[in-house]
Amino acid sequence: MEIFYVNGSFRNKNKANISVQDRGFNFSDGVYELIAFNKRKIILFERHLERLKSSLISLGIKQPFTNYQTLRIIIDKLINLNNLDNGYIYIQITRGSSKRNHIFSDNLKQNVVLFLIPERNIEKMKKGVEVRTSKDMRWGRCDIKSISLLPNILSKQEAHLNGLYETWQIKDKLVTEGTTSNAFIVDKDDNIRTHPKSFNILGGVTREVVITLAKNCRYKVIEKPFSMDDILKCKEAFLTSTTVKILPVTKIDDYEINNKKIGKITHNLMNKINDYLKEND
Ligand code: PLP
């Protein structure tokens with residue numbers, strides 16, 4: 001039986017209900033986080049927590065926990081109750097429930113929902129995935145991990161229907177990021193290029209770790225947006241997210257990267273992140 005956490009209690013899935021007047025349901029007025037756990041150990045908890053707090057602050061939603069150790073205790077209990085060793089913790093916090101009105105009161109009580117997603121097998125994808133590009137249709141605050149994900153899901157679905165893993169979104173002729181991941185290329189001089197942190201991308205926790213690992217390996221990391229022209233000239237490409245860590249990108253639209261083979265820098269970083277996640281947290 002799957003157990004969900006809803007506003008203070010642990011419930012069977014079929015009893016895990018929330019008001020139809022939840023502002024998340026009515027307006028997508030909320031934020032979320034996805035955190036990996038491995039052998040029941042929560043991975044990079046503090047970094048996810050910082051982003052969660054910052055998303056809440058950006059939307060003016062009150063912090064639902066005075067002490068975030070409570071969240072850690074809830075997660076540990078949820079993992080034990082579900083008896084799951086590896087997977088992802090989904091955390092959703094909305095502004096609360098109220099009569100439907102765009103205008104909100106300061107006194108709402110946040111709705112907090114947590115559930116677990118079992119790990120999926122990504123072995124095949126580690127050999128390389130293909131992506132398409134399309135216009136970035138999202139709003140001006142992509143740095144907030146908001147549950148309002150329509151442009152992301154439509155672009156991801158379009159990729160899926162075409163047998164591809166991801167869509168790299170393009171704004172003003174420059175790649176911002178994927179719909180569920182951050183985008184990287186390696187240029188002809190072995191420099192790693194990725195969009196800088198800004199309102200136009202989600203500051204991925206994995207992105208941050210990969211940049212640190214790359215710098216430790218003495219690779220030069222240039223946090224500057226890249227264009228389709230840069231893609232045409234690149235030696236390697238990869239993407240990062242909590243669910244997949246690092247995946248080599250072997251084709252972007254019609255352009256095959258590195259003869260569809262995993263590049264050496266990508267390969268090295270894939271090994272490094274595995275080691276790092278084993279040693280840390
Ligand atoms: N960019 C977007 C739009 C995402 O939705 C995600 C993950 O959900 C990421 C990047 C990767 O972020 P992280 O590495 O923190 O999972």
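1. Lys197, Arg207, Glu208 and Glu223 are joined in a network of salt bridges; a salt bridge is a side-chain nitrogen of Lys or Arg within 4 Å of a carboxyl oxygen of Asp or Glu. Side chains of opposite charge can pair when their charged atoms come close. The model discussed here is predicted, so local features need pLDDT of at least 70 and side-chain atom pairs count only at pLDDT 80 or more, while totals for chains, interfaces and linings use all residues. Residues are numbered from 1 along each chain as its sequence is written, and side-chain values use heavy atoms, with hydrogens and water left out.

2. Because Glu223 belongs to strand S12 (residues 221-223) and Arg207 to helix H5 (residues 205-216), the pair ties together parts that are 16 residues apart in sequence. Helices (H or I, at least four residues) and strands (E, at least two) are DSSP runs, numbered from the N terminus. Arg207 is buried, with a relative accessible area of 0%, whereas Glu223 is partly exposed at 33% relative accessibility. Buried means under 20% relative accessible area, exposed over 50%, and partly exposed in between (1.4 Å probe, protein chains only).

3. The whole structure contains 18 salt bridges. One of them joins the side chains of Glu2 and Lys13, at 3.5 Å from N to O. This pair links distant parts of the chain, eleven residues apart: Glu2 is in the segment before strand S1 (3-6), and Lys13 is in the loop between strand S2 (9-12) and helix H1 (23-27). Glu2 is partly exposed, with a relative accessible area of 37%, and Lys13 is partly exposed, with 45%.

4. Asp29 and Arg23 also meet through their side chains in a salt bridge, at 2.7 Å from N to O. Both Asp29 and Arg23 are buried.

5. The ligand is surrounded by 18 residues, the closest being Arg51, Glu177, Val205, Thr206 and Thr242; a residue is near a molecule or strand if one of its heavy atoms lies within 4 Å of it. Polar contacts are pairs of N or O atoms within 3.5 Å; within protein, one atom must be able to donate a hydrogen and the other to accept it, and residues adjacent in sequence count only if both atoms are side-chain atoms. The side chain of Thr206 places an N or O atom 2.6 Å from an oxygen atom of the ligand. For Thr242, the corresponding side-chain distance to a ligand oxygen atom is 2.6 Å. A polar side-chain atom of Lys145 lies 2.9 Å from an oxygen atom of the ligand. The protein covers 92% of the 390 Å² of accessible area that the ligand has on its own. Accessible areas come from the Shrake-Rupley method with a 1.4 Å probe; for residues, only the protein chains shown count as cover.

6. How many disulfides does a search of the whole structure find? The search finds zero, a disulfide being a pair of cysteine sulfur atoms within 2.5 Å. The sulfur of Cys234 is too far for a bond, because the closest cysteine sulfur, in Cys217, is 19 Å away. Cys234 is buried at 11% relative accessibility, and Cys142 is buried at 7%.

7. Gly60 lies in the loop between helix H2 (45-59) and helix H3 (69-82). Its relative accessible area is 48%, so Gly60 is partly exposed.
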